[in-house]
Amino acid sequence: MKSRAAVLWEAPGEWDVIEIDVDEPKEHEVLVRYKSAGLCHSDDHLAKGDVPSAHYPYCGGHEGAGVVEQVGSGVRDLQPGDHIVASFIPGCGRCRWCAEGKQNLCDNGAFMMTGTQLDGTFRLHHGDTDVAQCSLVSTFSEYSVLPEWGAIKIDKSIPLESAALVGCGVPTGWGSAVNAAQVRPGHVVIVMGVGGIGINAVQGAKHGGALRVIAVDPVGFKRESALKLGATDAVGTMAEATALAKDLTNGQGADSAIVCVGVATGEHVAEAFASVRKDGVVVLTAVANFMTTGIPVNLMELAMYQKRIQGALFGMSSPTRDVPYFLNMYQQGYLRLDELVSRRYKLEEINQGYADMHAGLNLRGVVDFA
């Protein structure tokens, strides 16, 4: 089968929209026709070289929703015509992490960077050249093959254009607040960076009952959006956020600070660390360049103030459980998805979409396939 797809030939590089060949699904795999794909910053990290690919050419995209076209042998819970959200973590359900309810840490996550399917082989090709798949799903291709465990069935009444967002950005941000930061009623929460991930940390903090949600972003449009989606305060710098949090807490500081900037550095974490109270938590959700090391924090303060620095992958959420949960909240009006999309693009406009993201024009850009 032929498919249009956005690929990288090298990094740093730009997305090149080409025609590729897509294999039929093998055992425990499904062929999906995507309707929409989110332009997540994580894919841009690959394009910029912050995160390396093991193989080029590389077809990006890990956030999307579509329709099952064909199923391979052994597939039990999906059939052609089913609507799905792609999960870039195909939870096996059997490893230690899945057994502990931490599906986001499934051992199958080791395949997220190989570019292959779970059997170690490729399903996408350009002529005689294998094309690597992003996180086994490659939502930047109109047609793609993925493991059945990477396709989460959803109700057909939910618009695929909206459902695509719960493949990454929404649960990652929301879960960073609710699961990782453990936001509780009355808390003061700082969200550093309110793009496609941080804006959902704002929604999650509000849902968790935070008394004050302080959004931090240098871009005015994003601050205004944060105020519309649950933030009580919006400032341009962490210095302002820290001062406000301390004013609100008799000098103690925020209960938690969630780092959702575009490219994380140790200095970002240190700023967040300085903003939280004793026994406070810093959640690092943002991706850093893979060579970045070191956090300039005072170790005495870390120990004696009992602060915690917590990493968060997929918001500590479990895709199979939480994707339907988020979509149910959307249907009931407790989660806002449509308001997150600033602009929709054709696949051929993908580089413009990422340029708009860097210019601060988008909360979330979305590619819609015709």
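The expected span of a helix is 1.5 Å times one less than its number of residues. Helices (H or I, at least four residues) and strands (E, at least two) are DSSP runs, numbered from the N terminus. Keep both ideas at hand as you open this predicted model, in which local features need pLDDT of at least 70, side-chain atom pairs count only at pLDDT 80 or more, and totals for chains, interfaces and linings use all residues. Residues are numbered from 1 along each chain as its sequence is written, and side-chain values use heavy atoms, with hydrogens and water left out.

**Stop one: helix H10**

Select residues 319–332, which form helix H10. At 1.5 Å a residue, its 14 residues should span 20 Å, and the end C-alpha atoms are 20 Å apart, which agrees. Now colour Pro319, Asp322, Val323, Phe326, Leu327, Met329 and Tyr330: these are the buried residues of H10. Buried means under 20% relative accessible area, exposed means over 50%, and partly exposed lies in between (1.4 Å probe, protein chains only).

Where do the buried residues of H10 fall when seen down the axis? They sit within an arc of 155 degrees, so they line one face of the helix. The arc is that of the directions from the helix axis to the C-beta atoms. An α-helix has 3.6 residues a turn, so residues three or four places apart point the same way.

Next, show what covers these buried residues, including strand E6 (83–86), strand E10 (151–154), helix H3 (160–163), helix H4 (169–180) and helix H5 (198–207). Contact here means heavy atoms within 4.5 Å. Just after H10, click on Gly333, which takes a positive phi of about 90 degrees.

**Stop two: helix H5**

Move on to H5, where 8 of the 10 residues are buried, so this helix is largely enclosed by the rest of the structure. Select Gly198, Ile199, Asn200, Ala201, Val202, Gln203, Gly204 and Ala205 to see the buried ones. They pack against H4, strand E11 (188–192), strand E12 (212–216), H6 and strand E14 (254–259). Just after H5, Gly209 has a positive phi of about 100 degrees.

**Stop three: where H1 meets H11**

Select helix H1 (residues 41–48) and helix H11 (residues 350–358), which pack at an angle of about 105 degrees with their axes 11 Å apart. Axes are lines fitted to C-alpha atoms, for helices over the stretch in contact, and angles run from 0 to 180 degrees between N-to-C directions. H1 and H11 are therefore roughly perpendicular to each other. (Angles under 35 degrees count as roughly parallel, over 145 as roughly antiparallel, 65 to 115 as roughly perpendicular and the rest as oblique.)

Show the side chains where they meet: His41, Asp43, Asp44 and Lys48 in H1, and Tyr354, Met357 and His358 in H11.

Most residues other than glycine have a negative phi, and most peptide bonds are trans. Zoom in on Pro12, in the loop between E1 and E2; the peptide bond from Ala11 to Pro12 is cis, with omega near 0 degrees. The bond from Tyr56 to Pro57 is also cis, with omega near 0 degrees.

Is Phe314 buried or exposed? Phe314 is buried, with a relative accessible area of 4%. Its phi is positive, about 55 degrees, although Phe314 is not a glycine. Finish at Gln182, in the loop between H4 and E11, which counts as partly exposed at 40% relative accessibility.
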